[in-house]
Each structure stands twice: as structure tokens, then as C-alpha cells.
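Trainee: I would like to learn how to read salt bridges in a model. Please take me through some cases.

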Amino acid sequence: MLAESSHRWPWLLLLAVAVVGPPLTGEPYVAHLMVLGSLSALLAVGLNVALGFAGLFSFAQGAFYGIGAYVSALLVLSSGAGFWTAFLAAGVAAGLAGLLLGLLTIRLGGHYLAIATFAFQEIVIVVIRNWDSVTKGPLGLSGVPGPAPLALPGLPPLEFQSELAYYYLALAVLVLAVAVSWRLRTSQIGLELLAVRDDEVAARAMGVRAVQLKIFAFSASAVLAGLAGSLFAHYVKNVSPESFAVATSFAVLVSVLVGGLGTIMGPVLGGIALTFLPEYLRVFQEHRFTIYGALLIVVVIALPGGVAGGLQTLARRWRARAQAARP
Amino acid sequence: MAGARPGGPAVSASLLEVRGLSRWFGGLAAVQGFEIAVAEGQIVGLIGPNGAGKTTIFNLLSGTLRPSAGEVRLAGASIVGRAPEAIARLGLARTFQDLRLFRRLTARENVVVAAFCRAPNSLVSWTFPRHQKGLAGFARQAEELLEFVGLTDKAGDLAMYLSHGQQRRLEVARALATGPRLLLLDEPAGGLGRMESEIMTRLIQRIRASGVTLVLIEHNMHFLMPLVDRVAVMNFGRKIAEGTPAAIREDPEVVAAYLGTAQARARA
Ligand SMILES: Nc1ncnc2c1ncn2[C@@H]1O[C@H](COP(=O)(O)OP(=O)(O)OP(=O)(O)O)[C@@H](O)[C@H]1O
Ligand SMILES: [Mg+2]
């Protein structure tokens, strides 16, 4: 019933590589990068729900990420809450912030929404930098504890001390988020969001509750960013404002666009690729934003569906050719 | 019903009743004091020169634009000021003159999403997945409607890749999918060749036969006149005449205002 191909094998392949790859290399640094890559992917999957499905521009993903990180860290540090409680609270807090921002701004058309989210991004950072008594200002919070071991019945307790163990935690959350976004995309709500993205006036005339749906998509994308923020805080153990600045929002946007806007796999690929490239390409480190800009231009001009969209087109052509070759 | 006069006493048999409908854009009165009553089962034509305010009337009726003043009743209930999605649910559907399909969705998806108009609120059904099973029925209805407009073999194509004529028919199928009692068609034959326009004529006759009431905007008189029971004529935002096709053809004011310009255009 829905347009995107539903082949399983690319997913199984990707998951197999993601599970087996890092331990095979035996390098903690690869696992470390994979944690960061998974978090970028999680942010990208989140933004994709707003931008790719509903067509809502958001420059505030960095801010929602920061809200999640600070809420989670502060809860554990000040009230002694456990990681899992704090993790969920981070999603709720970011989601509520998204809901509020959505309620206030969603009726603004495209460009105005982008500007409003940009302003929100800046305000959140200013608040974090200056609310010394709570956030410790520019210095940030330190000594954020990692998750306590998770006791599952019948298994030895799961520890999250090593990079690799934490990576599997982040991967599990990412897989869940992808499953949720897949389910969203293939359900009634997903089709309605795509209709709103293509033509809101027509969608509303066909009975689609566009405003409610847009606020929902916007808040859902904030929830995912908040969860990523919590995972980040309890991984790096020190949180400070610059991790959540507008540069982060921009990087999330680039990874979604380069990976493939509106596809399910694209944001995952984009988030991971843009984490690894700077590590292995020196030029990338030195000229990060110049390269982001160049990538954006290339994608907009040559590959409007991003990497995933390009792959889908290739697969379609290949299938069409195979069909034509058959007698 | 034929004797219903604008501004007269309420006629309870009317599916659509409009009184004093007006809309200004800045200083421009795009529609002023528009009145009409459409009985269930009728087809009414709405004609007038370019810029006369016809599309604006559809926008006002469907909630896409808010009226500056006036009263609109659908099956007796006032719908002025309601959101377009609520009006669609009350049984008023429309097509768009400038073809506003969901371009990056398939023909089938275009129709399915409109059929969801009659499904429970998706924000609730998404949270409670059991409702999802009920959606198969909407997909089946979409297939039937695609067949009804002759687009079965295009069901899997993106709307943007359909021909102009196919897009016009998809607009109709999509509007029908909402399950309307009243359907507003804005230039359904606009830009169509003779063959395509004949297909559209038959389509409209079948829609009427299925019990849907229609209001039709059209420039092509050869297309419109044989289809409609009554015609309302607009000029400069005002209704200047209303009557049977035969009476309208003879009306001197209409000939001067509308047919005159059409002839002038044809000559140019
Ligand atoms: N959203 C709008 N903002 C400003 N002016 C508008 C708007 N919509 C319509 N108008 C103006 O209102 C007048 C009526 O336009 P409308 O589209 O209703 O005409 P129409 O009778 O449908 O013409 P056509 O036969 O060309 O489709 C025109 O002068 C148009 O420029
Ligand atoms: Mg018009």
C-alpha cells in the first residue's frame, strides 16, 4: 500500500554489520565512534519524522538534544534517580518542549517555522549558559554517572561500562527508533503526514487534521532527540553547552538530507557516515562546515533523494531492466 | 425547488444554502453578497469570466478561505468558520482548478489518504494499533474509485507522472473518496482535449447517478450546458443571473458580460 520498497535484506545486512563489526575490529575507539554515530543517527531519524514525513523544518534538534542531556544528568545528579528513569524523563521533557514550541509556531508557514526553531535553539543555549545555579553555566555538569547494570531475569546482569557495551545500548535504542519511524511511515498517520508535506491545503480539504498531525510529528522528533541527549550525557559523563549549539542542529540537518530525506534508512546512514568521515579524512576535520555546505549543494542538485533515495532509484532501474530482459 | 429565490425563505430541501457570502482581499471584493440554494441531487453550473470570483466561492464553501461575511448551510447546519477538515467530514468535497494532488504519492495513496477522512482519528488509532486492521477497507474503496475513474492501471504511479487528463480524474476520485454528499468541481474539463472531456462528462453523469449533488465551474459551455440543471453567472464578484441553461443563454446581461467576452476572446 505504501511507496517505499519493503525489502528486508538491506536492513538485516546493516544490522549484522552493526552488531558484529565493532567487536571484530577489537578497537575500543571504533566502538566509541559507533556510540557517537548511533546517537547522530538517532537525532537524524528524529528530524526525519518532522522534516522528511511532515515537511517541517527544524533548526532546534540540538536544543532538544541538550534539554534531554541536561534533564537526564540533573535528575541523576541531584535527586539520585536511576538512569532508566532519567532516560525516560529526558524524552518526556524534550517532547513537552517540542509540543510547546509546536503549539506556538506550527501555524507559521515554512520559512517562519525555520526561523522560529532557530530562535528557540539560541534561547535554549543562552539559558543553559547563564542559569549557573542549575546548569553550572559554560563549565557544564561533570561526573554524570553511567547506567547501573541492568538485571534481566535468567541472565547475568548487563553492564554498560565499556564502550562496546554502551554501544549496544545505543544501538538497541536506535533500532527501536527506526522501528517506530517505520511503523509511523507505513500507517494511516504516516500517509496523512506525507499528504500534508506535499500539499497542506489539499490535505485539509480531504479531511486530514493537518495541524494536530504536524504538532505530533514535531513533538515526536523532539522526543527522539531528547532520548539521544540522555544517552549522550551518561556516556561522555560531562555535559556542556557547546555540544548542543546550532552547529549540532545543522549537522543533524545535513545528515538527514545527505542520507535521504523521507526514507527510513537514509537518516541512519547519514548520521553514521557524518560521524566517521571526519575521523578518517583529515580535510573533513579542518573544513567541516565548508564540506557540509558542499555536500548539501551536491545533494540538492544531483541527488535530491540523498544516498538512500539514489540507491532506491538504482534498485528500481535494475529491477525494470531485469524485467525487460525476461522473455 | 425551482422557484427558490435568493434571499427568500429557507427551503428545507436544500442541501446547500448560501446567503450574503462575501470576501474581500484588501480593497478588492472578490465575492460580494453571493446567494444560492442547491437541492439534493441537482447539478448546478457556476460560470463567469476570468477573475469573476468562482474559485473564491469554492474556497469559501470548503473552508479553505474564511468568508468576510455571510452564511453557509450544509444540510441545514452552519459551516461558516469551520476548518476545512471538519467541513470535509460533514460531506463537502472539492477538486482544485490548479490540480493540487499529493505529487510524490502514488495515485492509490492519493485516494486512500482521502478515504481516511472516514476513519477514526489517526493519532488515536496509531496509539491503539488494533484499529489498523480496519484500514484494509479503505484501501479496497480506493481501488474501486480508481476503477470508477479509469485509473486502475496507474494506481502505483506517482501522481506527478500522470498525464493532465489522468490528474484531473484523480482529483475527482480523491474528492469522492471522502464520501461527499456535495461535490464541488473546479473546471474538471480545464485543459482537456475532446476525448478526455467526453470521458469526464460521462464520469460526472455517473457521479450524479450515484446520488451525489454537484456544483460545477466551467468555461467550456459545450461541456457544461448539457450537464447542468441550473446555472449561476458571476461577474466582478457578484451573481448577475441564475436560471436554466436555456434561460441563461438568452439573458441579455449574461450575453453582454460573459458570453460577449468569451466571443471576444474566441475572435482574438
Ligand atoms: N488568495 C487571494 N489573495 C488575493 N486575491 C485573490 C486571492 N484569491 C483570489 N483573488 C482575487 O479574487 C478575484 C477572483 O478570483 P477567482 O480565482 O475566484 O476567479 P475565478 O472566477 O475562479 O477565475 P478563473 O476563471 O480565472 O479561474 C481575482 O481578482 C483574484 O485575483
Ligand atoms: Mg477559478
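Mentor: We will go through the salt bridges pair by pair. This is a predicted model, where local features need pLDDT of at least 70, side-chain atom pairs count only at pLDDT 80 or more, and totals for chains, interfaces and linings use all residues. Residues are numbered from 1 along each chain as its sequence is written, chains are lettered from A and ligands numbered from 1 in the order in which they are written, and side-chain values use heavy atoms, with hydrogens and water left out.

Trainee: Which parts of chain B does the pair B:E196 and B:R169 tie together?

Mentor: Their closest N and O atoms are 3.5 Å apart. B:E196 sits in helix α7 (residues 194–209) and B:R169 in helix α6 (residues 164–177), so the bridge ties together parts 27 residues apart in sequence. Helices are DSSP runs of H or I, at least four residues; strands are runs of E, at least two; both are numbered from the N terminus.

Trainee: Is B:R169 buried or exposed?

Mentor: Buried, at 9% relative accessibility. Buried means under 20% relative accessible area, exposed over 50%, partly exposed in between (1.4 Å probe, protein chains only). B:E196 is partly exposed, at 23%.

Trainee: What separates B:R174 and B:E171 in helix α6 of chain B?

Mentor: About one helical turn, as they are three residues apart. Their salt bridge has its closest N and O atoms 3.6 Å apart. B:R174 is buried at 0%, and B:E171 is buried at 1%.

Technical notes. A salt bridge is a side-chain nitrogen of Lys or Arg within 4 Å of a carboxyl oxygen of Asp or Glu.
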